[in-house]
Amino acid sequence: MDKIVIEGGRPLAGTVRASGAKNAALPLMAATLVAPGSHVLHNVPDLRDTRTMLRLLETLGASCERQGTIVRIDTTSLTGAEAPYELVKTMRASVLVLGPLIARTGYARVSLPGGCAIGARPIDYHLRGFEQLGVITTLAEGYVEASVDTVLKGNVVYFDTPSVTGTENLITASVLCRGTTVIKNAAREPEVGNLIDMLNAMGADIEGRDSDRLTVRGVERLRPVETEIIPDRIEVGTFLIAAAATGGEVTVAGCVPGHLPALIEKLRSTGVDIGETGDSLTVRRKDAGAGGRPALKSVDIRTMPYPGFPTDLQAQFMALMTQADGVSVIHETIFENRFMHVAELRRLGAEIKVDGSAAIVTGRRREELCGAPVMATDLRASASLVIAGLSVPGTTEISRVYHLERGYENMVDKLRELGAAIRTEREENQAGAT
Ligand code: EPZ
């Protein structure tokens with residue numbers, strides 16, 4: 001297992017290019033199961049999670065190959081419909097094969113994903129939605145078994161809260177239904193739109209993209225497709241926040257500025273400059289003139305479904321607020337346990353109090369914070385610790401970096417290109433807190 005070692009306090013400067021979105025690649029790779037044939041996906045990031053999804057598709061009988069960022073997936077002949085525990089326990093998003101398998105074969109057996117560091121993360125909305133379409137679901141031995149006795153019939157599906165993968169699973173399950181399915185209170189994330197575009201290119205008939213009400217008219221069959229994964233807005237946001245935290249000037253190229261409305265507004269409220277072009281965003285921390293960096297203004301955030309502030313950027317923004325001038329209140333409304341990074345940020349000197357779903361961050365001057373050994377607990381908490389380590393003086397060592405490799409392609413290399421003093425090292429002692 002590796003660790004990341006950072007000599008902090010250096011401003012980032014330069015240009016970095018966004019990779020394809022993990023949370024679009026996973027549903028789109030799974031959706032290739034709906035149509036037999038050879039699919040080609042462009043701009044697929046090479047991550048631990050996308051490698052896991054390829055392995056899962058191969059266990060189902062697909063043949064997959066990667067050439068750079070192009071992934072070819074041939075789903076002509078499936079040999080199975082079971083997603084084994086060994087794979088699902090390493091990646092919850094394996095549940096995304098449920099919808100496509102139900103549509104293609106009328107049967108699926110997927111290990112029930114356990115909880116994870118950030119919450120229980122049930123899939124009850126997915127299962128209730130499938131049942132609305134005529135699917136029989138049973139839970140046995142830690143597996144969800146979904147089967148269709150007669151035919152899948154279109155129906156109305158309502159989500160209590162907008163679930164991203166729930167919406168994606170119901171879209172892929174309903175595209176071959178007899179009749180029309182209406183999905184109400186659907187998630188509106190750009191990654192859902194990417195999936196809708198792909199399925200419509202395959203011959204599906206889905207209306208309502210980007211809205212909370214989707215209409216899916218069932219069709220007879222779908223054809224294989226060549227399509228592109230959208231840029232990763234969470235990676236882009238992570239780099240923009242890192243640039244604001246360290247000072248300097250960073251451009252993230254190859255992104256979609258319109259996918260980050262809430263973050264851009266909140267970063268501007270802290271006082272940093274943000275420039276936009278058609279496919280790039282530049283963060284510049286205004287020079288303070290003599291005597292060092294201007295103070296960042298404290299800003300409150302409340303995580304919400306898209307287009308609200310993304311929960312996947314909450315930990316990163318908190319790292320920024322630890323050095324702001326004042327008190328920032330951060331409400332996490334999506335997941336019940338997404339403050340695991342707080343204890344680690346405190347090790348760097350941050351002043352943070354947690355009260356239920358709110359974290360109250362009292363900003364401190366950079367000089368009052370200091371690097372220290374910390375431990376990553378989940379993917380976005382890892383990114384938060386990297387941002388904190390980059391921006392405080394001293395050495396920060398982050399252990400358990402496999403979390404980071406799940407969702408960020410070549411993050412260490414990209415940060416080094418921006419001038420960060422960052423490297424990975426073999427971790428001697430595998431112990432650490434259990
Ligand atoms: C997706 O997870 C993302 N993952 C998450 O990104 C992201 O944080 C999350 O959406 C919210 O934006 C992928 O797209 C692969 P939800 P998902 O269903 O779909 C509750 C990352 O860091 N809920 O939108 O699992 C749930 O507990 C990851 O890249 C139910 O109660 O999230 C949560 O409170 C982390 N029952 C809320 O809804 C259900 O059946 C939203 O969850 C489903 C969800």
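Phe159 has a relative accessibility of 0% and therefore counts as buried, where buried means under 20% relative accessible area, exposed over 50% and partly exposed in between, with a 1.4 Å probe and protein chains only. The model is a predicted one, in which local features need pLDDT of at least 70 and side-chain atom pairs count only at pLDDT 80 or more, while totals for chains, interfaces and linings use all residues. Residues are numbered from 1 along each chain as its sequence is written, and side-chain values use heavy atoms, with hydrogens and water left out.

Two aromatic pairs are found in the structure. Rings of Phe, Tyr and Trp (its six-membered ring) pair if their centres lie within 6.5 Å; planes under 30 degrees apart count as stacked, over 60 as edge-to-face and the rest as tilted. Tyr125 and Phe159 form a tilted pair, because their ring planes meet at 55°, with the centres 6.3 Å apart. This pair links distant parts of the chain, 34 residues apart: Tyr125 belongs to helix α5 (residues 124-132), and Phe159 to the loop between β10 (156-158) and α6 (164-174). Helices (H or I, at least four residues) and strands (E, at least two) are DSSP runs, numbered from the N terminus. Tyr125, at 25% relative accessibility, counts as partly exposed. For Phe309 and Phe317, the planes lie at 75° and the ring centres 5.5 Å apart, so the pair is edge-to-face. Phe309 and Phe317 are both buried.

Next comes the sheet. Four strands make an open sheet in the order β10-β11-β13-β12, with mixed pairing; two strands pair if DSSP finds at least two bridges between them. The edges are taken by β10 and β12 (205-207), each with a single partner strand, so one side of each has no neighbour in the sheet. β12 and β13 (residues 213-217) run antiparallel and are joined by three bridges; Ile206 has Val216 in β13 as its bridge partner. Helix α6 packs on this sheet, touching β10, β11 (180-184), β12 and β13, and its direction makes about 175° with that of β11. Contact means heavy atoms within 4.5 Å.

Elsewhere, helices α9 (residues 261-270) and α10 (residues 314-321) pack at about 5°, their axes 12 Å apart. Axes are lines fitted to C-alpha atoms, for helices over the stretch in contact, and angles run from 0 to 180 degrees between N-to-C directions. α9 is therefore roughly parallel to α10, a term for angles under 35 degrees. Leu263, Lys266, Leu267 and Thr270 of α9 meet Phe317, Leu320 and Met321 of α10.

How values were computed. Angles under 35 degrees count as roughly parallel, over 145 as roughly antiparallel, 65 to 115 as roughly perpendicular and the rest as oblique.
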